[in-house]
Amino acid sequence: MESTHTLVLLVEDHPGVLNRVVSLMRRRSFNIDSITVGHSEQVGVSRMTIQLRGNSEDIEQAGKQLYKLLEVVKVIDLQPNEAMIRELVLVKVAAKGAVRAEVVQTASIYGARVLDATPSSVMIEMSGGEEEIESFLTMMRIYGIREMVRSGKVALPRVLSKKTDRQTRQMNPLAAD
Amino acid sequence: MVATDPTTQRAEATQHTGPEVLTGAQITCRAIEAEGVTTVFGYPGGAVIPLYDAIPDSGLHHVLTRFEQWSGMAAIGYARATGKVGCCIATSGPGATNLVTALADAMLDSVPIVAITGQVIEPLIGRDGFQEVDITGITLPVTKHNYIVHNVADIATTIKEAFYLARSGRPGPVLVDIPKNIFVAKTEYIPAKLTPRKSYQPTTIPNMRQVRLAADEIAQAKRPLIMAGHGVILSGAEAEFTELVEKTGIPTIFTLLGLGAMDEMHPLAIGMMGMHGHRRANRALDECDLLINFGARFDDRATGNLSGFAPNARVIHVDIDPAEIGKNVKTAVPVVGDIKEVLKLLTPEVKAGDHSAWRTWIEGQHNRVLRAALEDRPAWPEPYAIIKEIADATGHEAIVTTDVGQHQMWAAQHLGVKHGKRWITSGGLGTMGFGLPSAVGAKMGRPDLEVWTIIGDGGFQMSGTELATAVQENLDINIAIINNGYLGMVRQWQDLFHARNYSEVAISGPDFVKLAEAYGATGIRVRTDAEIRPAIEKARSIKGPVLIDFVVEPEANVYPMVAPGASNSQMIEGRKEEE
């Protein structure tokens, strides 16, 4: 059955690593929903968070192919109930005159922050899980979204990193072995 | 691709500096030599002039091919004949892009080669410099890994790791791109040591639990079948593999690249599987209840339609690459490891078996159509008869390389391969033009062995210029052109599946005998059966390259054949065939 998976990759921080990962996903026809890259807690190791859709065989194959890239140190298939998966969204919403107060009030329900304002719009920052963000955006669309950017998902397992390997599914480079 | 560049400077001779300070070019040569490589195949050009400046003073023998792609194919032939890493060199830009097909060929057939390419000087990179291409970007999908070197002090370690990556784990091509200014820069040469990387630790020793599970499956099977892929040969495990087959008594089939994993004349060797496989092999796949795959990746040409592949079998898959497990075929028992290491542990665990009833059944699946058809032969020499005569004359001991197409399948069906490293063919990529340059590489690697290449008249016209290379190196290579005046395999598909619409497959060519002579080689033409064997013997007795132009029946087809998209059980058996 096809579902969305969140893969976390620990990769050596070398030029071109992102290109290698993305090129692999493209040429093997895996569907990436979102991808983010940044520093991890270890020097020289970057952390990528990739959301992709597929059945369990597809995801396992994706993990095994990723392990074949020289710079990929570890691949973890994060289980949604064991991880915090978050995203940041910046949204510019039409907010003239009396509507402005209403927009700001709605944003505050979601714990979103107003970053900037112009006579005709406000810019709001919101972070959260998928559902919260979708709910927030549904409300904002009522007023009119002028411009929007989403960061893509980032994720951390809930448990301490020492237990990470057991609590979440570190994809085994040795297959079903 | 030779181009000069005003910035070219002759690398200074070592007497001007201390003995340990070398140019990047000299370090490149030293680093290649440190890997035990004595032969490199290449083509000079602007960005690698400094490297070529260093080659004459190095211990490397450079073979000048006539096209960079054939340097790559020669490196592949060298690697496959010797089991060592092949090495090729090309300049930046067009030189580098011409290597791409060879890298893809090596990638799909898991052949260890290292390509060194020159790059434009660093200040020009990204500015569309003369003969600049982003070769590391271009070759990303067709290399196991690639590098661009930005510091002369990194050359030795990079080349060390490149060779290690190429030959370890699942072998494959690795490219090292070196900008011209890095070739010219100097530094102290310190022979590199391999630094292990946390992210690259191929599993060679298998999990013993999996090995025992495999042994249990083998013990319980009533109609087990072993299939051998290229992995057996890449692992150098032919002897251990034969031992397992003999101990268990299990009949064994081969993929195209697995031919020679054990002697094909062995009574337990059933034949080749797949699209042009032997009838017995494909029939055995249909009936087996356990399929034990050693080092094959279940390529579609071997399996046919997956839904009809080995329909009654549980599958054991032994492979060094975990990503191959379950990629195409559902696997009951995966064993990840180097085949040789797996066999060391598995063979003691299996019981001696008797599968005589099963073997008798398989033998009964032999194709009997041929004999009658043979009585009614045309006047032309039959392609497979030529293959059989070559095999017979050489006692199955020669290295045989092939090109791609009908002649390749006839050779695979009829040669009777005795040694894995003496059957060199482009399987995964199916690269036309492969035959002659890979024979050049094979002969350079194994001058002690007789080398033949079997080529179609189409493929020969792609890489025939390598006759010049063979003459220049005075190589004893015998070239058998199976000349039917068609791009035969495409013509066969058009014959069988496109209502004989022979679109663009009739191909003319030069007088190959005169062409051979023009190159300074020997040419022989054969038009009748009676001339086949004498021509082969004459070729074997003449020094230097000899070309035999075998003019054969224009419209002979390769049978059996499994139509594309069909199951292996649905073989088209044809009028004339033989196993």
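Predicted model: local features only at pLDDT ≥ 70, side-chain atom pairs only at ≥ 80, totals over all residues.
After α1(A) comes Ser29(A), which has a positive phi, near 60°.

Together with Val22(A) and Val37(A), Leu18(A) makes up a nonpolar surface patch, and the accessible area of the three comes to about 220 Å².

Over in chain B, there is an open sheet of 6 strands, paired in parallel and ordered β11-β10-β9-β12-β13-β14. β11 (269–272) and β14 (333–336) of chain B are the edge strands; each has a single partner, so one side of each has no neighbour in the sheet. From one strand to the next, the twist averages 20°. Within this sheet, β9 (residues 224–228) and β10 (residues 252–254) of chain B are joined by 3 bridges in the parallel sense. One of the residues involved is Ala228(B), whose bridge partner in β10(B) is Phe254(B).

Helix α14 (residues 339–349) of chain B packs on the sheet, where it touches β12, β13 (314–319) and β14 of chain B, and its direction makes about 135° with that of β12(B). Another helix of chain B, α12 (residues 279–287), lies across β9, β10, β11 and β12 (290–294), and runs at about 100° to β11(B).

Further along chain B, strand β15 (residues 399–402) is covered on both faces. Ile399(B) and Thr401(B) are buried on one side, and Val400(B) and Thr402(B) are buried on the other. β15(B) also has strand partners: it runs parallel to β17 (residues 451–456) of chain B, with 4 bridges between the two, and pairs in the parallel sense with β16 (residues 423–424) of chain B over 2 bridges. Thr401(B) turns up in both pairings, standing opposite Thr453(B) in β17(B) and opposite Ile424(B) in β16(B).

How values were computed
Residues numbered from 1 in each chain as written. Chains lettered and ligands numbered in written order. Heavy atoms only, no water. Pairing = 2+ DSSP bridges. Axes fitted to C-alpha atoms, helices over the stretch in contact; angles between N-to-C directions. Contact = heavy atoms within 4.5 Å. Patch = residues over 30% accessible without salt bridge, like charges linked within 9 Å, V, L, I, M, F, W, Y side chains within 5 Å. Areas by Shrake-Rupley, 256 points an atom, 1.4 Å probe, with all protein chains shown as cover. Salt bridge = Lys/Arg side-chain N within 4 Å of Asp/Glu carboxyl O. Buried < 20%, exposed > 50% of the residue type's maximum accessible area, 1.4 Å probe, protein only.
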